[in-house]
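The entries follow in the order of the look-ups.

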Amino acid sequence: MAVDRTAREPDDVDQIVGQWRTERPDLDPGPMQVIGRITRLHWAFDEQLNRVFGDYDLGRGEFDVLATLRRSGPPFELTAGELRDSTMVTSGAVTKRVDRLEHTGLVNRRAAADDARGRLIQLTDRGRDVIDKAVEQHLVNEARLLAGLTTDEQQALTRLLRKLTQTLPPHGG
């Protein structure tokens with residue numbers, strides 16, 4: 001069995017933690033080992049994921065709205081409130097994203113049958129085509145980004161991240 005030396009080679013976060021240990025030995029910079037790496041991964045992932053979204057002239061937010069509508073199943077429509085809850089952004093952010101997607105013909109708005117003031121946002125056929133292609137490329141890209149980990153390592157990381165997520169305050173709290 002090959003030894004994985006990559007996980008033990010010092011990186012930038014190790015250097016930062018070492019400097020804090022030297023300069024402030026009274027502090028425990030240990031949490032930086034995790035948070036610093038998660039932050040750096042977030043930045044790197046964001047850059048890589050946005051490349052795929054850009055191929056479809058989408059930002060992350062627009063991709064999220066289209067994906068949420070697509071995975072909701074037929075008739076691929078939700079209220080603005082349901083989109084807000086599913087995407088975990090403000091109603092203003094949902095409105096801005098939906099405005100842009102409507103302008104490009106990827107979604108339609110219509111009055112809700114049971115509430116004339118309420119609006120339903122529905123994926124258009126073109127929007128469905130775009131998100132179906134984009135999500136395929138997105139998943140290939142995500143698999144590429146995780147290729148440095150074995151399946152067992154990915155599953156272990158998933159469990160640990162889920163556990164960490166469940167110990168944090170609720171979103172917006």
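Which side chain meets Asp26 in a salt bridge? I found Arg24, with N to O at 2.7 Å. I took a salt bridge to be a side-chain nitrogen of Lys or Arg within 4 Å of a carboxyl oxygen of Asp or Glu.

Entry, conventions. I am working with a predicted model, in which local features need pLDDT of at least 70 and side-chain atom pairs count only at pLDDT 80 or more, while totals for chains, interfaces and linings use all residues. Residues are numbered from 1 along each chain as its sequence is written, and side-chain values use heavy atoms, with hydrogens and water left out.

Entry, accessibility of the pair. I looked up Asp26 and got a relative accessible area of 55%, so Asp26 is exposed. Arg24 has 35% and counts as partly exposed. My classes are buried for under 20% relative accessible area, exposed for over 50%, and partly exposed in between, with a 1.4 Å probe and protein chains only.

Entry, total. I noted 14 salt bridges in the structure.

Entry, Asp12. I found Asp12 in a salt bridge with Arg40, where the closest N and O atoms are 3.5 Å apart. Asp12 belongs to helix α1 (residues 12-23) and Arg40 to helix α2 (residues 30-55), so this pair ties together parts that are 28 residues apart in sequence. Helices here are DSSP runs (H or I, at least four residues), numbered from the N terminus. Asp12 is partly exposed at 46% relative accessibility, and Arg40 is partly exposed at 35%.

Entry, Asp132. What is the partner of Asp132 in a salt bridge? I found Arg128, and the closest N and O atoms are 3.9 Å apart. Asp132 and Arg128 are four residues apart in helix α6 (residues 125-145), which means that about one helical turn separates them. I recorded a relative accessible area of 23% for Asp132, which is partly exposed. Arg128, at 34%, also counts as partly exposed. I then noted a network in which Asp11, Asp14 and Arg37 are joined by salt bridges that share partners.

Entry, His138. I located His138 in helix α6. Is His138 buried or exposed? His138 counts as buried, at 10% relative accessibility. Which residues are in contact with His138, leaving aside its neighbours within four places in sequence? I listed Leu49, Val52, Phe53 and Phe63, with contact taken as heavy atoms within 4.5 Å.

Key. Helix = DSSP H or I, 4+ residues; strand = E, 2+ residues; numbered from the N terminus.
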